[in-house]
Amino acid sequence: MSRAFLVVMDSVGIGGAPDAADFFNGARPDTGSNTLAHIAQACAEGRAEEGRSGALQLPNLAALGLGAAVELASGTSAPGLQATPTGLWGAASEVSPGKDTPTGHWELAGVPVPWDWHYFPDTTPAFPAELVAEVCRLAGTDGILGNCHASGTEVIARLGAEHLRTGWPICYTSADSVFQIAAHEGSFGNDRLQTLAKDLSPMLHVMKVGRVITRPFVGEEGTFTRTANRRDYAMALPSPSLCDWVQAAGGTVHGVGKIGDIFSMQGIDDVVKGSDAALMDQLDRLVGEAEEGALTFANFVEFDSLYGHRRDISGYARALEWFDGRIGAVINRLRPGDMLLLTADHGNDPSWFGSDHTRERVPVLIAGLGAGPLGLCQFTDVAATVARHLGVAAQGPGRSLI
């Protein structure tokens, strides 16, 4: 028996997506975006000096083959990441028509998305009248606030006081296929917010909106703060994923981070949430405790949520360097026969135009199974590779890389 640890570094793209010209930030195509290479270049040029300094230092990821994967994917060198790979390394492309978190994770788990997601227009109002009416009916309110594209922290700061006064939920969206609802845990109530989102989600899923996301917050005007009680109500997958394959074979699937929400707990035995620092502690714990035959599926989201969308190159670089140090310790604790596969779900180049994700290839780095190039591959090959390692029958379109 073997164990597998599938770790998604949310948004850590490496450029070179062959269809990048078909995806946009505003009116600009994603052609030429490269999250990792552009961060490394900024660090080498002294343009990422907030809270850190100098060249990007990722010795553990570089040793696995991250720098080599960047060059394979995009033909671009990432300064400071040159190393002779001691792991298996490659670069994967996505075929699904989206560059969002659920699409990327589903395809990594062997399930390409067979439809086009619905995106709300960047207008005010952004939502159709019948959707607003249904929110009001379910919430028991006379209206909603927001009804626009917005940053979650900004819209809460701007409309939080009016929300406290009126009791109306704050509803907004983004460049992703999402409908987000923010409400105060004290005045509106977290249970009421979660019920509202859960009851509303079937209508949005019929529209092919991928997720209804709750954004509970606390505090007073000027000090509003989002809490850790966020929930994502995602569409059901169109077919069984890697998680289901492992369960069907008698294995256990442990979720770390957003995995439970992304897969609506389908095929997931248990899940832990928290900050990336807390999640790394949980990943480290599972390396010590996970059963033989188990899949641990982890997502580290803060690269994306805190730094990519906010176009914060220094912050992204700090997060990468922190992650590299912690993942090196995790790798050192792997048992013989374990596989740790590191990848990403899309790009989010903090040097790019706009604030949306970027369409990029992603790294595929494997620790525990020797060294060598894997070449260019597909997202679905990740699922087939993990299944092969665990001795599980793969049901998706991918091919094993090992």
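**Burial, pairing and charge in a predicted model**

Biologist: In this predicted model, does Lys99 count as buried or exposed?
Modeller: The relative accessibility of Lys99 is 8%. Because the limit for burial is under 20% relative accessible area, Lys99 counts as buried.

Biologist: With which residue does Asp30 form a salt bridge?
Modeller: Asp30 has 0% relative accessibility and so counts as buried. Asp30 sits in the loop between strand E3 (28-29) and helix H1 (35-44), while its partner lies in the loop between E4 and helix H4 (101-108), 69 residues apart, so that the pair links distant parts of the chain. The closest N and O atoms are 2.6 Å apart, and the partner of Asp30 is Lys99.

Biologist: Is Glu45, whose side chain meets that of Arg47 in a salt bridge, buried or exposed?
Modeller: The N to O distance between Glu45 and Arg47 is 2.9 Å. Arg47 is partly exposed, with a relative accessible area of 47%. Glu45 reaches 54% relative accessibility, and because the limit for exposure is over 50%, Glu45 counts as exposed.

Biologist: What area is buried between domain 1 and domain 2?
Modeller: The domain assignment gives domain 1 as 4-114 + 238-390 and domain 2 as 129-234, and their C-alpha centres lie 29 Å apart. The contact takes 11 residues from domain 1 and 8 residues from domain 2. Carbon and sulfur atoms give 45% of the buried area, which is about 770 Å².

Biologist: Which strand pairs with E4 in the parallel sense?
Modeller: Strand E4 (residues 88-93) is joined by 5 bridges to strand E15 (residues 362-367), and these two run antiparallel, with Trp89 opposite Leu365. The parallel pairing of E4 extends over 6 bridges, and there Ser93 stands opposite Gln378. The parallel partner, covering residues 372-378, is strand E16.

Biologist: How many of the residues of strand E4 are buried?
Modeller: On one side of E4, Leu88, Gly90 and Ala92 are buried, and on the other so are Trp89, Ala91 and Ser93, with both faces covered. The strand is thus mostly covered, and the buried count is 6 of its 6 residues.

Biologist: Which residue touches Val12, Gly13, Ile14 and Leu320, among others?
Modeller: Its contacts, not counting residues up to four places away in sequence, also include Leu56, Leu58, Leu66, Val70 and Leu81. The residue that gathers these contacts is Leu36.

Terms used
Residues numbered from 1 in each chain as written. Predicted model: local features only at pLDDT ≥ 70, side-chain atom pairs only at ≥ 80, totals over all residues. Heavy atoms only, no water. Contact = heavy atoms within 4.5 Å. Buried < 20%, exposed > 50% of the residue type's maximum accessible area, 1.4 Å probe, protein only. Helix = DSSP H or I, 4+ residues; strand = E, 2+ residues; numbered from the N terminus. Pairing = 2+ DSSP bridges. Domains from an automatic or database assignment. Buried area = accessible area lost by both parts, 1.4 Å probe. Salt bridge = Lys/Arg side-chain N within 4 Å of Asp/Glu carboxyl O.
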